[in-house]
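Please look over the model shown below before reading the notes. They are grouped by topic.

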Amino acid sequence: MELEERIARRQATRDDDLLVDRRPLNPAVHLAEPVGRGTVLERLLDVFDPVFDRRLPPDAAVYGPKGVGKSAVVNALFARLNDQFGRRKQRLGTTTRAGTATDTVAFVHVDGYRTTSEFQFYHRLLDALVDESVPRRGVGTERLRERFVQQFASPTRKAVVAVDHLAGENSPSASELREWLAPVEEDVALVVVGRSVPDEWSSVTVHVPAYRHHALVDIVTERASQALTSNALRHGQARHVAEWASGDAHDALAAVSSAAELADDDDADRIRASDVDAGIDDVPDEGVHLGRVFALPENRRTVLSELLALDPTPPIDDAASAIADRSDLSAGTVKRFLYELAEHGVLERVETDATDGSGRRPSRPEPQFPTLPFRRFDGDARPE
DNA sequence: ACCTGGTCCCGGGCTCGGTTTT
DNA sequence: AAAACCGAGCCCGGGACCAGGT
């Protein structure tokens, strides 16, 4: 920790709040330096080894269960490698004459949650590769693709593109990505990141295993020490949460974050057992990652936060009209959003037992993500 | 048979960048 | 140079239709 940070923390603690800085506990935000992922990093560096000779590495699939730091590792590694081997961004349409510059390999990391169409795919890549702003509207997909392909007109220009969160409901599939990259397949390597290896994947694979217990305890302890006053989270509590999360850092951080907020709201001077229990309780089994919720379009997120304000959750129809009253969306649209979110696993429809009259029984939309951290962190610390 | 919940899908409007006309 | 126009993707609204329960 830097000296300045330490001093800032002292100042912040003067009002003796338990919670000094909640950001390190945000489960959707990765640390610049991944903890406990040494072997995975080595394995990835093996795959990317050709780049040290300025050659293009092979395609690769990075896979492993939820919350084990796949994105964290790829994100951190790509940032460093791009600093090392990527060239400064260049203007659209200008290419360096062959031989006047050394070969460069740009490393670009895009999020599949936010990249749902071919247009957006090229847009994000161009945004990372060129200096000037890339139009979001008013220009066709065809045109963007041409500009993208043009980036690789120079034989010295290459790129490694990582697409995160593959196999999400709206995320593109590996075969779609291959199609989109087909015009530049000689110059671009594709790295896919997801829960499993895509079908018919014939290139390299790198497995990211769940965190071991002690590694997860380290992560929780490290982040808690940055976020809270000292000893606010006891070691036994960290171990307890890590045990419960069984290797899933997202769930563990969500639980600790909620526990800290609850304790802080009560002006407690340390996290109590009841806070930990409540924090754990707020994290659904088999829920979705908060990062995925934060990646939703703004209107869906406002619908979600309005939904959380309704307690207890009413049946979908009532919920939709209540939310519509408080927003500028129509009840029909809100209803459709709720059904879509349930379809994508963000909400779960729970059948009510109300049997008023005839017709099919309605269901209530229950959140399938940690709601306390959602309320605290939505809007801030969103990448891109 | 009838009712209500749930799914699917498409037209139109919005916004923004590019292009043509004034 | 400014203004008017056009066309791109995206989002909302809502209708048509299907599913499940009495």
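Predicted model: local features only at pLDDT ≥ 70, side-chain atom pairs only at ≥ 80, totals over all residues.

Residues are numbered from 1 along each chain as its sequence is written, while chains are lettered from A and ligands numbered from 1 in the order in which they are written. Helices (H or I, at least four residues) and strands (E, at least two) are DSSP runs, numbered from the N terminus.

**Surface near DNA strand C**

- DNA strand C is surrounded by 19 residues, and the closest are Gly138, Gly140, Thr141, Asn299 and Thr333; a residue is near a molecule or strand if its C-beta atom, placed from the backbone, lies within 6 Å of it.
- Two or more residues of this surface come from each of α4 (118–129) and α14 (331–343).
- α14 gives the largest share, 3 residues.
- By class there are 3 nonpolar, 12 polar and 4 charged residues near DNA strand C. Ala, Val, Leu, Ile, Met, Phe, Trp, Tyr, Cys and Pro count as nonpolar, Asp, Glu, Lys and Arg as charged, and the others, Gly among them, as polar.

**Paired strands**

- Strand β2 (residues 104–111) has 7 of its 8 residues buried, where buried means that 20 or more other C-beta atoms lie within 10 Å of the residue's own, exposed means 12 or fewer, and partly exposed is in between, with C-beta atoms placed from the backbone.
- β2 runs parallel to strand β3 (residues 157–166), and 8 bridges join them; two strands pair if DSSP finds at least two bridges between them.
- Within this pairing, Val105 has Lys158 of β3 as its bridge partner, and His109 has Ala162 of β3.
- In β3, 10 of its 10 residues are buried.
- β3 is also joined by 6 bridges to strand β4 (residues 188–194), and these two run parallel.
- Leu190 in β4 stands opposite Val161.

- Helix α9 (residues 249–265) and helix α10 (residues 273–281) have axes that come within 7 Å and cross at roughly 130°. Axes are lines fitted to C-alpha atoms, for helices over the stretch in contact, and angles run from 0 to 180 degrees between N-to-C directions.
- α9 is therefore oblique to α10: angles under 35 degrees count as roughly parallel, over 145 as roughly antiparallel, 65 to 115 as roughly perpendicular and the rest as oblique.
- α9 passes α10 in a right-handed crossing; a crossing is right-handed if the near helix is turned clockwise from the far one by less than a right angle, and left-handed if anticlockwise.
- The axes of α13 and α14 are 8 Å apart, and the two helices pack at an angle of about 125°, so they are oblique to each other.
- The crossing of α13 past α14 is right-handed.

**Gln84**

- Gln84 lies in helix α3 (residues 70–85).
- Gln84 counts as exposed because it has 11 C-beta neighbours inside 10 Å.
- C-alpha to C-alpha, Gln84 and Ile280 are 41 Å apart in space, and they are 196 residues apart in sequence.
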